[in-house]
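Good morning, and thank you for joining. Today I shall present one structure; please look at the sequence and the coordinates before I go on.

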Amino acid sequence: MILALIPSLFAYREMSTVRKRLKPVEIASDLTNVFIEVRRQEKNFLLLKDQDSLQQLRKQIGMLKGNIDDIEADIIGEIGSENYTALRQAIIEYERIVQQLADNFVLQHASLNELTRLGRDIEPQLSGDDLRTFLVLRRDEKNLIIYRDANAIERFRNVFTSLRSVNSPELTRYAAAAEKLYLLYYAEKSHDAEMRKYAADIQAFAESVLQGEREDIDNLLTTSMYLLLVSLITILATGIIINTRLARSIVRPIRVLEKFTQRVATGDFSDPPVIEGSNEIAALSTALNQMASRLKDTVHSLELAIRNLHDKQGQLVEAEKLASLGRIAAGVAHEINNPLAIINEKAGLMQDILQLSEDFPHKAKFLEQIDGIFNSINRCRTITHRLLGFARRVEVTIEPFELNEAIHETVTFLQNDIASKLVRIDLNLSGDLPEIRSDKIQMEQVFLNLIKNAVDAVAEGGIISISTSRSDDRFVLVSISDNGPGIPEEMIPHIFEPFFTTKERGKGTGLGLFVSHAILKKLGGKIQVQSEPGRGTTFLIDIPVRILPDKEASP
Amino acid sequence: MSQARILIVDDEKEFAAALAERLCLRGYDATAMFSPEDAPALAKEIQPDVILLDLKLPGVSGIEMLMTMREFVPGVEIILLTGHMDLAQRIQGMRLDAFDYIMKPIQIADLIEKIEKAGRIRDRKE
């Protein structure tokens, strides 16, 4: 803006100069007008040749001089002091010639009167040829007065020569008067030319003064115009700059914020815009960022809550499924159990009777068959007792114990299986575990099931890694990994279901993981599986340091 | 105490009969009773040393039956038989001074051991 002010100030200065210069222009214009008036009076004077018009002319010349005096400085400025002196001189010369002409006119008048009077006087004195010649002379006199040229005087002189014989002093004076008039005419003519010359000079000066002033003003106006143009351009440029800056400081940040809000609307909270400064937009940006941040937190916790809900729902569905399966299994076990008991007793009675009987053919064969029945009954008993016992109603006996010790005991218990299969057990037990308060026997049952499964899963010389660690204040983590074939992905959802087994028929009941899951659930723990076919399987068991009451499992 | 009188109360006739026979073969005086309604009267009549009582009898709660038996046969030792041992019932049974429990299908050796033990305790009481 200040940039735009500078040329404007210059323009203002130029304009005020123009205003100041307008006065000399006016005067210069007056000068021309006065001079035109001088020339008009001059014409009148030359035409009328009287004192009146002379006075008028003089008056105009005086005014001209006065005007010139008024703008002396300006004129000097325009045309230089030398020309100014020349102008003054021209006016003086002009005035002088006017005076000479005035004198000339007086003398002409006198000479003309004398000529006319002498002519009238001489005429009666002559007669005959002289008179006729004289009348010719008078005619030439008239021609001289009219034409005022050299021919006229020449003819007059020729005619006068032929009158030389007439001896008359009056005639001589008459001729002298004609000669004088002619001289006066001649002088007038030369004065006239001279006067015109000076007049032309003065007019040229006056016009040049006016022209100069006009040009100056023109220049000033042009300069002002340019300055104004520069101002305009500067203002425009300033405007553009201000607009740009405004755009930068207002529009652009708002656009940035707008884009950010659009991104936020699609759930993208990344790169919140940072708008520096202390203006409203910066405050708006801060507020928006705070809002977005809070929104992001809210969205995040909502997503987390939804995910937790999904997980919980999945877990609930899973737990409900397992519970239903457990109930069905227990019901089936119960219904099977009574007929099984009958078979057991009948077979037992048969055995008793056979043993009391004397030998008879095939007695040994019969006893062998009964043993076979007992074996099957025992298998069934194992299944039904485990189902009825673990799935529904085994008491929880809480006692303090060392988790690592329980694992050691379990591994020792399985030593025969481990040794016969040349399995390597890597124990990586943390020394920083709190004492556990839970059901040790049932917990050992879980470890037994899982380690037994791992031993069964690995090939000869396989490796089983067992590690314990502290998760937090409330839980310890037991990890049991094997490098067996792993569990096919499609089987993983079913491994905790009862009677689900991948072992050969008769080798597994399909209850180990089901029971382990049920025990852990009852004891407030959790079991998870990670398996990669071809690489092995890992069971992760979360065990609460203090048993958490499981409402569902309570009697 | 090889002549201990044993009363088996179980509505599962085949089971009870076979078991009674087996016990008899082992020298016990075992009687099987299949009807819960008649069981108390029979128990009163024969005054068994040990009663094998199924807790799941039709129409009558095992616990009620246990209390009736105690009333009718003072000093009798009762071994609870069950294929479906509810924790609550087991606890209640033990509170009511049942001697022990055994789960079906029975391992005959276990049962004999419990019966012998119960008989010894009963002898001591007398």
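I begin with two helices, α7(A) and α1(B), which are roughly parallel to each other, a term used for angles under 35 degrees, whereas over 145 counts as roughly antiparallel, 65 to 115 as roughly perpendicular and the rest as oblique. Helix α7 covers residues 280-356 of chain A, and α1 covers residues 13-25 of chain B. They pack at an angle of about 30°, with their axes 8 Å apart. From α7(A), the residues in contact include A:Ile342, A:Leu349 and A:Leu356, and from α1(B) they include B:Phe15, B:Leu19 and B:Leu25. Contact here requires C-beta atoms, placed from the backbone, within 7 Å. Axes are lines fitted to C-alpha atoms, for helices over the stretch in contact, and angles run from 0 to 180 degrees between N-to-C directions.

Some conventions are needed at this point. The model is predicted: local features need pLDDT of at least 70 and side-chain atom pairs count only at pLDDT 80 or more, while totals for chains, interfaces and linings use all residues. Residues are numbered from 1 along each chain as its sequence is written, and chains are lettered from A and ligands numbered from 1 in the order in which they are written. Helices (H or I, at least four residues) and strands (E, at least two) are DSSP runs, numbered from the N terminus.

Let me turn to chain B. Its elements, five helices and seven strands, follow the order β-α-β-α-β-β-β-α-β-α-β-α from the N terminus. Five strands form an open sheet in the order β2-β1-β3-β6-β7, with parallel pairing; strands pair if DSSP finds at least two bridges between them. Which strands stand at the edges? They are β2 (29-33) and β7 (100-103), each with a single partner strand, so one side of each is left without a neighbour in the sheet. On average, neighbouring strands of this sheet are turned by 20° against each other, direction ignored.

Where are the buried residues of α3(B)? They are B:Gly62, B:Met65, B:Leu66 and B:Met69, buried meaning 20 or more other C-beta atoms within 10 Å of a residue's own, exposed 12 or fewer, and partly exposed in between. Seen down the helix axis, these residues fall within an arc of 100°, so they line one face of α3(B); the arc is that of the directions from the axis to the C-beta atoms. The face turned away carries the exposed residues B:Glu64, B:Met67 and B:Glu71.

Finally, chain A. It has twelve helices and seven strands, and 27% of its 555 residues count as buried. A:Gly326, in α7(A), counts as buried because it has 20 C-beta neighbours inside 10 Å. Elsewhere, β4(A), residues 463-470, runs parallel to β2(A), residues 424-429, with six bridges joining them. With β5(A), residues 475-482, β4(A) pairs in the antiparallel sense over seven bridges, and the two form a hairpin with four residues between them.

How values were computed: Contact = placed C-beta atoms within 7 Å.
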